[in-house]
Amino acid sequence: MARRMLIACVLAAVICQVGSAQRVREIHPWRSQGKGAVVRVKRDWIIPPIRVLENSKQVPENLVQIKSDKIFTGEVIYKLEGPGVDQPPKNFFEIDDKSGVIRSKRPLDREKYTSFSLKAFALSSSGERLENPTTIEIVVLDQNDNRPAFTQKQFTGAVSEFSVPGTSVMSVSATDADDPLTENAFLSYSIIGQESIPANAITKTMFGINNETGTIYTRDVGLDREVVKTFRLMLQVADMGGMGLTSQGVAIIHVSDINNHAPQFHPSSYAMTAVENRINAEIGRVNVTDADDRGTGNWEAKYFISNDPGKNFAVTTDSATNQGILMAVKPLDYEAQKEHIVFLTVENVNPLSDKAPNLPASGAMVVVTVVNENEAPHFREDPIRIVVPESVAPGTLLKSNIAFDPDNSDLRYEISRDPERWLTIDRHTGDISAKRTFNMRSQHVQNNIYVATVKVTDAGGVSTTASVAITLKETNDFPPTPFPLSGAVCRDAGRTASGLLLTAVDHDLPPHAAPFVFEMLDDVSINWTVIRVNDTHAKLQPLVHLEDGEYTVTLLVSDSGKPRFSSYADINVTVCLCDSHGDCKSEAGAVFASSVGISFIALIIIMAAIGLLLLLLLLAVALKSCGRRHRIKKGSGLLVADSEDDIRDNVLNYDEQGGGEEDENAFNIDLLWNPLDAPVTPAPYYPVARGKQPVRRDAPHDLPSPAYPRRPPADPADIQDYISEGLEAADKDPNVPPYDTALIYDYEGEGSLAGSLSSIASASSDEDQDYDYLNDWGPRFHKLANMYDPR
């Protein structure tokens, strides 16, 4: 019905167009009513749209004529405005300003402009508007001038194999630029050709298409992906309900796989070998075939082991080849079982389709032969755990039967790491024994555990190692000793804080150390008592008032070990006067703290200062009197003293070394005269009897002495020259003793208050002296005591 109405409209438009060619319609949009007077109506006339066919060849073409019926004596001018005239798109329409005829200037295209809305004006010659503007609608009529076109160059879809007829596969679509309300855009779809890949695999028509919607569906049975994988359809679309313009397209339809084939072993039996003691290593592979689509879950296989009581094997899938990989997940033992028989089954990752044949799962048998190899010895445990007391006796057996060899060969044992050398191991049996007593205080004992390493080697040279973790149990090896061994307490027995705080030192570890027990002997407990403070400390206190002085208190200290160890110790306690803080103070401090006051203290300080000044004054006077020289008289170039006790140079007879200063042979000589600022250099002489001057025979006497060097040089480098000049002057001096006398370079005095060096301990001999007391002075004097041991 709608199609008929559209055809009628088109025919009417064509008739109107033909009529307009014979006579231009006259439209009086401003027609008035009434008798002799102009009457305005409330609304303007509604002018129906003017229909113009697109692509018209007759241009320019008169479309309509408008006139004003208002009584006006002057000339009427008509104007036209709007899109298509003076607004974009321009120059499509025009109006004759005198006659009011509207014309089309060039062909119209409905696909670009479907309609135009113009306004017409009636003006006087002066430009005055005679009437209100009138709207004129121009509608462009469609022609079938556009072909339909598919929206894609190629459509792609898929359908499962063995789909039933009528199964929707995909939809195609096309567009037409003509008016969708006309037959020009009414499309119809069809399949004009079918190709299969591989070619000519199927000749019957397998697909159909809905001509209005473009939906493609299956028409027949027999889609099998193993036969045909893809179809190529040639499509066509036409407008005018299939009677108009046409276009062609392509649709590609892939036949998708379903799991309608179960995997099958090929072959169904296998023989493989596996080396013992190797795990997660590939033993061999099994093969299966599957006709389903390769690389999909319909083709990928899963393998299962149907009998493996020891759980020794596992099988995985190679995703590239779909082969089953058999491997050992536990070490195989040749000595225990030389052959294993394994049954395998297989299935796909995706479940089988109900269209697949109902067949049992495929299976295969695999015979695995175990190959023997020289295995390394095995320790029964690693680490080897041993728990012993630290005081274990040397030679005690700690562990035995620590390793075995699967090949039953002879084993050799050794200790490869033992930093403290506490262990020994039997080379053939592997028995681990204590070589010596352990020590918990060793730096190699961490958290009471000592770690060593043992090594075992079989006859083939294959070896393995294991750790030995020895847990040491603390034993009570040391008695506690009190500390400190000396201290001070206040003599005021009434002071609650008075007392010496004691503790104990024990080299053992808990529970063989604290808590400590402090006890006193019965004969000491009369004046002293010991009070427990906590598990590690006690306080030694006097029970009665004691005089100041040194006291020795004997204590017994015991630990908490099993068995309990105890030790006696003498505590040297000083009883003293204490200050307000409970600390001992000296007697001077006590005096200062007395009621004498600050004036007494100041007096004592003043008296001590005066005494010190007097002592210094006496010392200065004594030094001055000792430094006064006797008067010297001049004569014959020699200085002669007034007294025999005057200061003189003495020569030492070094041939006698046993007499000391008292045994010296001193000889008086006259000093050479020199000025006060020059050093006196003695001349060499022969030792003779006291009082006689030796005489030189190699030089005349009573000649003046040569000049001796005066002052020692300031530069130490010139000392040699200074000494050489002095020797040369002495050699040439005729007034000196002979050459073979000893040179005197200093004065050593008349005698010495000290005894002769050779007379040390002359009053007694080594045999009469007892040096045992040196042993009581400590270990540093033991060697000296041994040197004087009369034995």
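In the predicted model, Arg106 lies over the face of Phe92, with a distance of 4.1 Å from the ring centre. Phe92 also belongs to an aromatic cluster, which it forms together with Phe93, Tyr113 and Phe116.

Aromatic pairs were examined next. A pair of aromatic rings is described by the distance of the centres and the angle of the planes. The structure holds 11 such pairs, one of which is formed by Tyr113 and Phe116. Tyr113 has a relative accessible area of 30% and is partly exposed. Phe116, by contrast, is buried, because its relative accessible area of 3% falls under the 20% limit.

An open sheet is formed by three strands in the order 11-15-14, with antiparallel pairing. Strand 11 (168–171) and strand 14 (207–209) each have a single partner strand and stand at the edges, so one side of each is left without a neighbour in the sheet. On average, neighbouring strands of this sheet are turned by 25° against each other, direction ignored. Strands of a sheet pair through backbone hydrogen bonds, either parallel or antiparallel. Strand 14 and strand 15 (residues 215–218) run antiparallel and are joined by three bridges. Phe207 has Thr218 in strand 15 as its bridge partner.

Conventions:
Residues are numbered from 1 along each chain as its sequence is written. This is a predicted model: local features need pLDDT of at least 70, side-chain atom pairs count only at pLDDT 80 or more; totals for chains, interfaces and linings use all residues. Side-chain values use heavy atoms; hydrogens and water are left out. Two strands pair if DSSP finds at least two bridges between them. Helices (H or I, at least four residues) and strands (E, at least two) are DSSP runs, numbered from the N terminus. Axes are lines fitted to C-alpha atoms, for helices over the stretch in contact, and angles run from 0 to 180 degrees between N-to-C directions. Rings of Phe, Tyr and Trp (its six-membered ring) pair if their centres lie within 6.5 Å; planes under 30 degrees apart count as stacked, over 60 as edge-to-face and the rest as tilted. Buried means under 20% relative accessible area, exposed over 50%, partly exposed in between (1.4 Å probe, protein chains only). A charge sits over a ring if NZ of Lys or CZ of Arg is within 6 Å of the ring centre and within 35 degrees of the ring normal.
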